[in-house]
Structures are given as structure tokens and as C-alpha cells.
Amino acid sequence: MQFAIVIMAAGKGTRLKSKRPKVLHEVGGKSLIRQVVDAAAQIVPPEDVYVIVGHQAGMVQDAVAAQGVQFIEQTEQRGTGHAIQQARTAVQGYENVIVLSGDVPLIRPETIRQIRDFHLERKAAMTILTAAPENLQGYGRVIRKSSSSDEVREIVEPKALTPEGAKAREINSGIYAFSSKPLFAHIDSLGTENAHGEYYLTDMAAILQAAGERVLALEAEDANEVLGANTIAEMMAIDGKLRLMTARRLMAEGVTIFRPETTVIDAGVTVGPDTVIEPFVQLLGETTIGQECRIRSYSVLEHATVGNRVVIRQGCVITQSQIDDGATLGPYAHLRPESRIGEGAHVGNFVETKKILFGKGSKAGHLTYLGDAEIGAGVNVGAGVITCNYDGVSKRKTVIGDQVFVGSDSTLVAPVTLGEGSYIAAGSCITEDVPEGALALGRARQTIKEGWVAERKKKK
Ligand code: UD1
Ligand code: CA
């Protein structure tokens with residue numbers, strides 16, 4: 001029971017001007033709070049992670065409850081110092097407490113481990129993770145006792161900066177390690193005489209230092225890792241960095257990504273080597289793509305499972321669907337949830353699918369809707385074919401056997417079964433099952449009226 005990790009996530013995020021609590025905003029396809037909780041849970045067991053919730057507490061709890069972490073309620077948000085005061089009962093039994101900010105999402109487990117080890121080795125009362133980013137705006141500044149020392153005198157919040165203090169380039173990341181004993185012995189000394197009238201956790205640096213305790217600064221190796229997200233612009237800057245990191249990881253694994261800055265790739269995505277991703281592609285959620293595929297521009301894949309050597313042409317939208325090896329899609333195909341496209345199959349332009357099995361080598365080239373259907377192998381679906389799967393009350397199923405030919409512009413009124421090798425004449429409306437190998441014609445016979453055009457002209 002050496003370390004507890006406390007994550008401060010009770011604030012509203014006023015600077016975002018959003019109805020959603022700040023820590024539920026997303027970067028890299030994952031909420032801020034989830035990013036921080038996931039990092040923390042790699043350092044201590046989830047039951048030693050305490051999330052301080054307040055503003056929209058229920059929503060924030062729901063977002064990370066499945067991770068098995070604990071929650072502490074801060075009903076009134078009276079500052080970061082006040083937040084840690086609320087955690088006293090829960091965490092004073094641990095020897096040390098690491099404090100993370102719910103709005104500093106890029107923090108890596110390695111860095112948490114680093115501050116933990118440094119704090120223990122140096123027997124500090126408080127260790128502050130610091131950084132020297134280019135843009136200092138909005139950050140508290142860390143004032144060391146001297147430039148050659150890692151002992152800290154105080155942290156000064158932006159509104160209290162003197163022109164002299166404003167020269168300090170070292171910022172407070174909002175991430176700390178504390179020894180519990182001195183922290184809770186002195187935390188009630190915090191006051192509210194400051195620009196916001198809040199209890200600042202940052203004041204603990206000066207308080208502990210004045211009490212003769214050791215307060216140290218540890219500079220993060222990469223300032224990007226401790227960027228705070230207070231505004232939408234800051235969040236999007238972090239989002240861009242995260243996604244670029246993901247693109248770089250994939251490129252290192254052998255994936256070609258043209259113009260990676262135009263792609264939107266979530267952290268959980270995996271792609272096999274020799275796959276090529278063109279500009280303006282989005283790969284979201286738990287999407288996995290195999291080797292030697294080509295994903296052309298403007299395609300958006302969400303929770304998609306794609307095999308090897310698949311070609312997805314421009315503008316495809318694919319959600320919760322599976323595409324087997326060697327299939328080709330699009331341009332402009334729309335695969336809605338639970339579509340499975342078989343090996344070597346082709347789903348062409350303006351084809352929409354939903355909850356279908358589409359067999360090996362089958363083709364639906366143009367302008368088609370296939371929903372709630374089981375389609376065998378080697379099937380040819382002509383242009384404009386529609387499965388009429390909805391009767392106004394419930395969804396009905398269409399079953400199409402292997403090697404069936406469905407002529408263009410046919411409507412298949414479900415429930416209906418087309419037997420193996422059957423042949424549907426173009427323009428048919430099929431309402432009854434078709435036996436194996438049969439021809440089905442479901443349309444009015446064509447009639448011809450010779451000389452009709454000339455006769456009509458004469459009448460006029
Ligand atoms: C804080 C630090 C600042 C540091 C910066 C780093 C203070 C006073 N200042 O400023 O020195 O450079 O982080 O990003 O701590 N929160 C609560 N309860 C509250 C208030 C805040 O849980 O009553 C949470 C927020 O939800 C947020 C975190 O604490 O996740 C930080 O609060 P925020 O208001 O964003 O602090 P900053 O102004 O960024
Ligand atoms: Ca902040």
C-alpha cells in the first residue's frame with residue numbers, strides 16, 4: 001500500500017464553453033479521463049486509483065467505472081487543494097500519493113513511474129513534474145531556490161506573476177508525488193487569498209518548503225507529454241499530436257501513409273505492413289486492417305475488420321463490418337453494422353449493405369440495397385437490386401443461394417429464398433420462393449403498338 005494515485009477530474013472546464021464536462025472531451029478518439037485512468041492503472045492496481053468527481057459526477061463515473069477505479073466526490077469545486085482535501089480519508093493510509101490532472105491526457109505510465117522512483121529515492125515530501133514548453137500561457141511557474149538546485153521555493157499561478165516571475169520558463173504540469181504524512185499534516189494551511197478565491201494545491205510547495213520539508217522539481221523529458229487541455233484549441237493541438245504519434249507508429253510497422261497530417265487514426269487501430277493509406281482517410285475505434293491493402297481517400301472505417309489485399313476505393317463508409325481477403329469495395333460503398341463481405345467479393349458504387357453475409361466472389365456492382373440477407377458464393381447482383389426487408393412492422397430475411405443471377409432492377413420482397421443457381425429476370429418483383437435452377441419472371445409482359453407515334457401526331 002505504498003502508492004495511491006488520485007486523479008483530479010471534478011472541474012467544469014469553464015474555458016471550454018461546453019455542456020459536456022471537460023474530462024469527457026476526447027483526444028485521439030478517447031476521453032481525457034480515460035487516457036489518464038488507463039495510464040494510472042498501469043502503475044498501481046485500479047482499486048488504488050481514486051478519481052475525484054464533482055461537476056456531472058455521474059457522467060464522469062460512468063465513463064471509467066468499468067476500469068474498476070474508486071471515486072471521491074467533491075460536491076463543490078473550490079480548487080485543486082480542496083479536491084485533495086476531499087481525498088484525505090480515502091488515501092491518507094497510503095505512504096505516498098501521486099496526483100494526476102484529468103486534463104493532462106498525454107501522460108505516459110513511464111513518466112508516472114519516473115516521478116514515483118525519483119520521489120522515493122530523493123525522500124521528498126513533494127515532487128513536482130515540470131516542463132519547459134514553448135507556450136507558457138495558463139500554467140503556474142515553478143520557482144527553484146536557485147538555478148543549479150532542484151529544490152523548489154514556490155509555484156506561482158499566472159494571475160499572481162510579477163514581471164520578474166514571468167521570466168521563469170519552467171511550468172507546473174499539475175502532476176505531483178506527495179508523501180502522505182507531510183501533505184496531510186499541512187494541507188489545512190491552504191488559504192483562498194488569491195485571484196480565484198480557491199484553495200490551490202500549488203501553494204503546498206511554499207507551505208511544505210517553509211515547514212522545512214523537501215520540495216523537488218523533476219523536469220519531464222518531453223514537454224508535449226504534460227500539455228494541459230483547457231480550451232478546444234489546446235485539445236485539438238493535443239489531438240493532432242496524438243494522431244501523428246499513432247501514424248508514426250504505424251509507419252514504423254511498415255504502413256505507408258500519404259500525408260499523415262490529413263488522416264484521423266484512433267490509438268486502438270492496427271494495420272499490417274505494405275498497406276497503403278491515402279490522404280483524408282479516417283480509421284476509428286477498434287479497426288484492424290491486414291497486409292497489402294489500399295485504403296483510398298475519404299473512406300471512413302469505424303470498428304471495421306479488414307483482411308489482407310483488400311482494396312477500399314474512395315469515399316466508402318464502413319461501420320462494424322468485416323471484409324475478407326482480396327475483396328474490393330467502392331467507390332462510395334456504405335457498409336452498415338454486421339455486414340460481412342466474403343473473400344474476393346466486390347461491392348461497388350452506391351451499394352448499401354446492412355446485416356448481411358455476402359459470399360465468396362459474389363458481386364454487387366452498382367446502386368443496390370442489401371439488408372438482412374444471406375447471400376451465397378458466386379452470386380451476381382445486378383444494378384439497382386433491392387432487398388425489401390421491411391414490411392412496415394418488422395425486418396424480414398432474404399436468402400440467396402450460391403451462383404444465383406439476380407437481374408438488374410429486381411426487388412426481392414422478404415421473406416424470400418432464391419434457390420441455388422436460380423436466375424431472376426431483370427425488373428422482376430419477387431414475392432415467392434424460387435426453386436433451385438429455375439428462371440423467375442415477375443414483371444408485366446411487354447406490348448408493342450406498331451405505328452402508334454405517327455398516329456398520335458396525325459390526331460393532333
Ligand atoms: C493547474 C495548476 C497550474 C498548472 C496547471 C497544469 C492549480 C491552482 N494550478 O491550473 O499551476 O500549471 O494546472 O495543467 O492547481 N479540479 C478539481 N476540483 C477543483 C478544481 C479543479 O477536481 O475544485 C480538477 C480539474 O477538473 C482539472 C484539474 O483539477 O482536471 C486542474 O484544474 P484546472 O482548473 O484546469 O487548473 P489550471 O488552471 O489548469
Ligand atoms: Ca488545466
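Contact here means heavy atoms within 4.5 Å. The model shown in every view is predicted.

**View 1. V51 and its contacts in the predicted model.** Leaving aside neighbours within four places in sequence, V51 is in contact with I7, A9, I33, V37, V69, Q70, F71 and I72. V51 also belongs to the largest nonpolar core.

**View 2. The largest nonpolar core.** This core holds 49 residues. Which of them touch the most other members? They are I5, I7, I33, V51 and L100. Helix 1 supplies the largest share of this core, six residues. In soluble globular proteins, nonpolar side chains tend to be buried together.

View 3. A separate core is made up of 48 residues. Its members include I265, I277, V351 and A373.

**View 4. The buried face of helix 2.** Helix 2 covers residues 57-64. Its buried residues are A57, V60 and V64. Seen down the helix axis, these buried residues fall within an arc of 70°, so they line one face of helix 2. An α-helix has 3.6 residues a turn, so residues three or four places apart point the same way. What do the buried residues of helix 2 pack against? Their partners are helix 1, strand 4 (49-53) and strand 5 (70-73).

**View 5. The largest pocket.** The volume of the largest pocket is about 1,200 Å³. Its lining has 40 residues, and the closest to the pocket centre are R15, K22, T80, D103 and N230. Helix 3 (80-86) and strand 10 (171-179) are the elements that give two or more residues to this lining. Strand 10 gives the largest share, four residues. By class, the lining of the largest pocket has 14 nonpolar, 18 polar and eight charged residues.

**View 6. The second largest pocket.** This pocket has a volume of about 560 Å³. Of its 21 lining residues, Q35, L106, R108, L242 and M245 are the closest to the centre. Helix 1 (32-40), helix 5 (109-121) and helix 8 (232-252) each supply at least two lining residues. Which helix gives the most to the lining? Helix 8 does, with five residues. By class, the lining of the second largest pocket has eight nonpolar, four polar and nine charged residues.

How values were computed. Residues are numbered from 1 along each chain as its sequence is written. Chains are lettered from A and ligands numbered from 1 in the order in which they are written. This is a predicted model: local features need pLDDT of at least 70, side-chain atom pairs count only at pLDDT 80 or more; totals for chains, interfaces and linings use all residues. Side-chain values use heavy atoms; hydrogens and water are left out. On a 1 Å grid over the protein atoms alone, a cavity is a set of points where a 1.4 Å probe fits but cannot get out, and a pocket is an open set with protein on both sides within 12 Å along at least five of seven lines; lining residues have an atom within 4 Å of a point. Grid points are joined across faces, edges and corners, and a volume is the space filled by probe spheres set on the points. Ala, Val, Leu, Ile, Met, Phe, Trp, Tyr, Cys and Pro count as nonpolar, Asp, Glu, Lys and Arg as charged, and the others, Gly among them, as polar. A nonpolar core is a set of buried Ala, Val, Leu, Ile, Met, Phe, Trp, Tyr and Cys residues joined through side-chain atoms within 4.5 Å. Buried means under 20% relative accessible area, exposed over 50%, partly exposed in between (1.4 Å probe, protein chains only). The arc is that of the directions from the helix axis to the C-beta atoms.
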